[in-house]
Every structure is written in structure tokens, then in C-alpha cells.
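Welcome! Here are some exercises with worked solutions, to be done with the structure open beside you.

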Amino acid sequence: MKLCRFGPAGAERPGIIAADGSVRDLSAHMLDLDADAWSAASLARLSALDLDSLPRVEGEVRFGSPIRRPGHFIAIGLNYADHAAESGMPVPAEPVVFSKAPSCICGPDDAVIIPKGSTKLDWEVELAFVIGTRAWQVSEADALSHVAGYMICNDVSERAWQIEGTGQWIKGKSAPTFGPLGPWIVTSDEVPDPQALDLYLDLNGTRVQTGSTRTMIFPVATLVHFLSHKMVLEPGDVITTGTPPGVGMGKKPPVYLKAGDVMQLGISGLGTQRQTVVADA
Ligand code: ZN
């Protein structure tokens with residue numbers, strides 16, 4: 001299943017993508033796609049629905065984030081060896097973990113806002129996943145059974161705020177609109193191998209990032225296993241898994257986003273995103 005949220009920002013409704021590509025309204029069957037929506041029971045109930053019986057959403061559709069406000073939005077840094085190299089950082093011996101403030105989450109095609117004081121705004125196409133069932137100290141063999149589905153994340157990053165001060169990366173990863181998610185979450189049953197997905201990001205029509213989840217240092221199962229030994233992963237938590245090479249910081253000379261730039265990104269089977277960069281009003 002492809003599950004989404006559609007409608008005006010802050011007033012999204014739950015939806016599901018039908019075989020013909022149309023969006024069908026799930027409002028009669030659930031309040032929203034929040035943390036509880038991703039349990040096996042909830043997904044089984046949704047998969048039993050006859051999509052043809054659901055109202056078709058007509059006209060231009062705005063997608064919101066496919067999950068409403070996760071409890072935790074965790075990110076992994078330097079999870080591709082070639083991206084670590086372009087960042088001038090060593091390949092980590094264990095996953096580099098940081099957070100993104102859940103308040104940074106926005107729809108996949110919403111404008112990305114350059115916050116006041118930002119000078120080094122950058123892009124990162126990433127595979128993200130949502131937790132379906134509580135995970136505490138789970139084995140690697142069992143890890144993927146806790147993942148409900150997958151989506152695209154643009155881990156928008158302010159490099160000066162991330163790196164040039166002191167302390168944790170969360171500072172450069174969390175401003176409003178720094179977390180476009182979606183357009184939908186593809187449930188795990190339709191993503192048999194999360195380590196066989198191609199990723200790309202185009203800046204103003206030019207391909208700047210190309211990669212495959214095949215070259216992740218720590219694959220999804222390892223990440224769930226590792227994180228679950230340090231903290232409880234709860235239903236609805238979102239984890240984004242790191243970016244392949246080609247970010248602006250790694251260009252020679254570096255390239256940073258400016259108002260009017262357009263980012264288009266995608267992952268095989270998970271759809272596409274498109275964001276225009278705008279100055280803070
Ligand atoms: Zn990232």
C-alpha cells in the first residue's frame with residue numbers, strides 16, 4: 001500500500017493511492033495517519049478495504065507529510081562511505097546518530113524556506129522508514145519486522161549551523177521545512193529489499209546526487225538493531241538513513257541553495273519530491 005496525507009497544510013486527511021494512481025480518501029476509516037496507523041492490525045485492516053469504494057480525490061492534490069508528527073525523527077550521518085569522504089570525515093565505526101526536530105517536517109512539494117541567518121543551505125536525498133511496532137533491543141534478524149514502511153526524505157541541512165558551532169548536528173537540521181517527507185509511505189511488504197533502491201537529486205534540472213542503498217555502510221536492519229539497543233523505537237518514529245555523495249558542501253567550490261532554486265528528488269518505487277527554495281518572508 002501507498003499511504004499518504006493530502007489537503008491544505010495543517011488540515012491534511014489520510015489517503016491511499018489506488019492502482020490507477022488516484023488518491024482515495026480514507027477519512028471514513030481512520031482519523032489520521034498518526035503513530036497508531038502503522039501497527040500490523042491497522043495495516044491489515046486498511047489492506048482489506050476495497051479502494052474502488054473510497055471517494056476519489058479530484059483536482060490538484062497537495063501532499064502533506066505521510067505521517068502526522070512522529071514522536072521522534074532520528075537521522076543517521078555519514079552512512080555512505082563516498083559521502084563521508086566528500087565531507088572530509090572518516091567512515092564511522094558505528095552509526096552516527098542525531099535528531100531532526102519533528103517540527104521541521106513538511107510536505108514533499110512544499111517550499112523549502114531559507115531561515116534568517118542561514119548562509120550554507122544544502123540538500124540530502126535519503127531513504128527514511130517508519131517504525132510499526134515497538135522495538136527494544138531487537139536482533140538484527142528480527143529488525144525489519146519492526147519497519148512498517150519506507151518513504152523519501154530530503155534531509156535539508158544548514159552546514160554552518162550543523163558543523164561550525166559546537167555540539168550536536170540537530171541545530172543545522174531542524175528549521176521549519178528542513179524535513180520534506182513523502183509523497184507517501186510504501187508499506188514494507190512492497191519493498192522486499194530496502195538495500196536495492198536507487199536515489200537521485202537534481203538541482204535546477206542538473207543531476208547532483210546519484211546513489212544506491214546497496215552501498216550503505218549500515219543497512220536498515222543494522223540501524224534498527226543498533227538504535228533499539230540504545231533507545232526504545234516507538235510506533236510512528238521516523239528514521240532517515242543518510243545520504244549518498246553529491247551534496248553541495250562536497251562540490252568544489254561548494255554550492256549552497258539560494259532563493260528560486262528547485263530540488264527534484266526520487267527513490268525507486270517511492271515516488272518523487274519537488275521543492276522550490278524561498279527566502280524567509
Ligand atoms: Zn542526512
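Glutamate 124 and glutamate 126 are both buried, where buried means under 20% relative accessible area, exposed over 50% and partly exposed in between (1.4 Å probe, protein chains only). Before going on, note that this is a predicted model, in which local features need pLDDT of at least 70 and side-chain atom pairs count only at pLDDT 80 or more, while totals for chains, interfaces and linings use all residues. Residues are numbered from 1 along each chain as its sequence is written, and side-chain values use heavy atoms, with hydrogens and water left out.

**Exercise 1. Find the protein donors of the zinc ion and describe how they are spaced in sequence.**

Step 1: Look for donors, that is, N, O and S atoms within 2.8 Å of the metal (3.2 Å for Na, K and Ca); water is not among the atoms, so sites may look incomplete.
Step 2: The protein supplies Glu124 (OE), Glu126 (OE) and Asp155 (OD), at 1.9 to 2.0 Å from the zinc ion.
Step 3: Along the sequence, these donor residues follow the spacing E-x1-E-x28-D.

**Exercise 2. Work out where lysine 100 sits and what its side chain meets.**

Step 1: Lysine 100 belongs to the loop between E5 and strand E6 (105-106); helices (H or I, at least four residues) and strands (E, at least two) are DSSP runs, numbered from the N terminus.
Step 2: With a relative accessible area of 1%, lysine 100 counts as buried.
Step 3: Check for polar contacts: pairs of N or O atoms within 3.5 Å, where, within protein, one must be able to donate a hydrogen and the other to accept it, and residues adjacent in sequence count only if both atoms are side-chain atoms. The lysine 100 side chain makes one with the side chain of aspartate 155 (2.6 Å). A polar atom of the lysine 100 side chain also lies 2.8 Å from the backbone oxygen of lysine 173.
Step 4: Leaving aside neighbours within four places in sequence, lysine 100 touches residues including Phe73, Ala75, Val156 and Phe178.

**Exercise 3. Trace the sheet of 9 strands.**

Step 1: The strand order is E3-E2-E1-E13-E10-E9-E16-E4-E5, in an open sheet with mixed pairing; two strands pair if DSSP finds at least two bridges between them.
Step 2: At the edges are strand E3 (23-25) and E5, each pairing on one side only.
Step 3: Zoom in on strand E1 (residues 2-6) and strand E13 (residues 185-187), which run antiparallel and are joined by 2 bridges. Here leucine 3 stands opposite isoleucine 185 in E13.

**Exercise 4. Trace the sheet of 5 strands.**

Step 1: This open sheet has the order E7-E18-E17-E14-E15, again with mixed pairing.
Step 2: Its edge strands are strand E7 (112-114) and strand E15 (206-212).
Step 3: E7 and strand E18 (residues 271-279) run parallel, joined by 3 bridges. Valine 112 has valine 277 in E18 as its bridge partner.

**Exercise 5. Is helix H5 mostly covered or uncovered, and what does it pack against?**

Step 1: Helix H5 (residues 220-228) is mostly covered, with 8 of its 9 residues buried.
Step 2: Among the buried ones are Val220, Leu223, Phe226 and Leu227.
Step 3: The packing partners of these buried residues include strand E4 (73-77), strand E9 (125-131) and helix H3 (140-143).

Note on methods: Contact = heavy atoms within 4.5 Å.
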